[in-house]
Each structure stands twice: as structure tokens, then as C-alpha cells.
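Dear colleague,

I am handing over the structure below, and my notes on its strands and pockets follow it.

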Amino acid sequence: MLDLTCGLGADALFLSRRFRRVVTLERNEMLARVAAENFSRMGVANVDVVNASAEEYLRRDGLRFDWIYADPDRRSDKGRKLVRLEDCSPDIVALKPRLKQVSGRLCVKNSPLFDVGEALRLFPDSRVEVLSLGDECKEVVVYDDGTGPLVTATALGRGSFSAAPGETAPPPGRFDPERYGYLVIPDVSLQKARLARIHLAGKADIWSDNGYGFAVEEPEGVLGRTFAVESIEPYDPKRLKRELKGRGAEVLKRDFPLAAEELMRRLGLHAGAGLRLAFTKIRNDFWVIRLK
């Protein structure tokens with residue numbers, strides 16, 4: 001394994017447990033010395049720390065690795081967060097031709113803001129995996145090893161779901177609030193990967209990858225959270241404020257134009273465990289769902 005972005009060596013340490021040999025690159029001389037000292041003190045003998053930039057090291061002749069790994073630096077010289085892969089360091093897009101010569105397998109860890117469609121544009125035959133933990137998107141990982149195209153949503157500790165790019169699910173029919181007994185909140189990894197509608201097909205009706213799913217019976221095997229529904233009603237802020245002002249509530253929202261904090265302010269609610277309310281938009285209508 002060739003690790004293009006050593007830093008203090010955390011990723012290289014984990015890679016060393018899966019590969020016979022790891023060569024990890026660090027362009028900063030002090031960081032390279034610290035990483036090498038870390039590995040020495042931990043008794044890790046199969047990691048070689050090379051004080052060189054990726055661009056410099058890849059100019060060497062005779063390089064051949066089973067895998068190349070990169071977690072590009074996503075901060076500019078002024079500390080601004082970067083998302084576009086071409087703006088990060090090293091520039092993996094510019095290095096792609098040389099990386100293909102050195103190895104047929106490339107793994108790139110990207111910002112959680114990185115777009116899945118952009119990943120497939122840059123790496124058309126790759127597997128793209130969106131990883132979440134505790135319903136928070138952590139990173140978008142590209143495996144450019146010729147086994148794609150495929151998109152995967154993985155909620156760590158919960159499970160995974162995969163589909164081919166472009167795969168679609170038939171749209172549900174009319175929204176009938178009287179039918180539904182359960183609300184499904186798809187995991188954020190499904191939302192980011194745009195797989196929520198495909199994942200819930202046959203289990204729950206969902207009108208948008210960013211929205212909620214609604215089920216008549218409690219669905220099984222869903223990557224996300226499921227709540228029993230008490231009632232579903234049109235969003236009428238004046239009536240809701242008259243009824244709920246001063247009460248404690250947990251407010252959830254998907255596909256709704258107002259932030260949860262703004263909804264609480266407008267309805268006169270404060271944080272508490274008395275109520276659990278979910279707000280959403282389905283087609284052109286706004287709804288509030290009271291959860292049991």
C-alpha cells in the first residue's frame with residue numbers, strides 16, 4: 001500500500017494491519033520524523049515513512065503497489081475548507097494518469113460535503129461509499145478499482161445499502177395521511193448517496209431522497225429510524241401556536257423550508273420531551289406529523 005498523505009500516521013497505522021508493507025509519504029520534515037518515531041515506539045515494523053510530497057515520490061521509476069490511498073489536505077494556505085478534489089493537496093485528479101501506472105487500485109477519502117455525482121464523474125468505474133456515524137455524514141470514500149460503478153450508503157453499526165448509479169424507484173401515488181401508521185427517517189448516508197427512495201421501495205412511500213418515508217405497517221430492515229405516528233395534519237402555524245405555545249418539544253424536519261430552531265420560535269415551543277413533531281413538504285403541501 002502506498003499512502004500519499006501520512007500526517008501523524010493514524011491511517012497508515014490501520015493500513016499496516018491489512019497490508020504486508022505500507023509506504024507513507026509526508027512532505028513536512030518534522031511531521032515525517034514524528035510519524036516515524038510513533039511507529040518505532042509502537043513496534044510497527046512494516047511502515048516506511050518517506051519525507052517527500054506525492055508529486056515528488058511518484059516521479060521515481062519502478063514503483064508498483066497493490067493499492068494507493070489518499071486523504072488529501074482539505075485546508076487552503078489561509079485555513080479555508082476545501083471540497084473540490086482539484087483544490088486539495090495533493091491534486092489527485094492531476095495525478096490520476098501516474099497513479100494508474102503505479103497501481104490499478106486507488107482509494108480516496110473525501111470531505112462529507114463531496115458530491116457523489118462528482119465522484120462518479122471523476123472516477124466513472126468506481127465504487128462510491130457514503131459513511132455516516134450517529135446519523136451524521138463523516139466522509140465520502142471513492143474506491144477506483146474497476147469494480148463499479150456502484151454507490152453505497154453505510155451507516156456504521158447499522159448496515160449498508162448499494163445500488164447502481166441511475167437506478168430508480170417508481171414514484172408513490174397520492175399522499176394519504178389517513179393510511180400511514182409509521183414515519184421512517186432514512187439515515188443521512190442514504191440521503192447523501194441519493195438512495196433513500198430505492199432503499200425504501202416496497203417498504204415505505206417516499207417522495208424525495210431528502211424527505212421522510214411513510215409506511216402503513218412497521219417496515220423491517222430499514223437503514224434509519226422508525227417512529228409510530230399519532231396523527232398527520234396540514235401545517236397551520238397559527239393553529240399550532242395557539243395549541244402548543246409554551247410546551248416542550250423535540251422538532252424534526254426534512255424537506256421543509258424552516259430550520260427546526262425557527263419552527264420552535266414561531267410556534268412558541270421550547271426544547272423538551274413532551275412532544276415529538278416532524279415537519280415536511282410533500283409535493284406542494286406542508287405537513288406536521290405528531291409522533292408517539
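**Strand pairing and pockets**

In strand 9, Ser-160 is the bridge partner of Thr-154, where strands are DSSP runs of E of at least two residues and helices runs of H or I of at least four, numbered from the N terminus. The model is predicted, so local features need pLDDT of at least 70 and side-chain atom pairs count only at pLDDT 80 or more, while totals for chains, interfaces and linings use all residues. Residues are numbered from 1 along each chain as its sequence is written, and side-chain values use heavy atoms, with hydrogens and water left out.

Strand 8 (residues 150-155) runs antiparallel to strand 9 and is joined to it by five bridges; two strands pair if DSSP finds at least two bridges between them. Both belong to an open sheet of nine strands with mixed pairing, in the order 3-2-1-4-5-7-6-8-9, whose edge strands are strand 3 (47-50) and strand 9 (159-163).

Elsewhere, five bridges join strand 13 (residues 224-234) to strand 10 (residues 182-186), antiparallel, with Leu-183 opposite Phe-227. Strand 13 is also joined by five bridges to strand 17 (residues 285-291), again antiparallel, and there Glu-233 has Val-288 as its bridge partner.

The largest pocket holds about 490 Å³ of space; a pocket is an open set of points on a 1 Å grid over the protein atoms alone, where a 1.4 Å probe fits, with protein on both sides within 12 Å along at least five of seven lines, and lining residues have an atom within 4 Å of a point. The volume is the space filled by probe spheres set on the points, which are joined across faces, edges and corners. Among its 15 lining residues, Phe-14, Leu-15, Tyr-69, Cys-107 and Tyr-143 are the closest to the centre.
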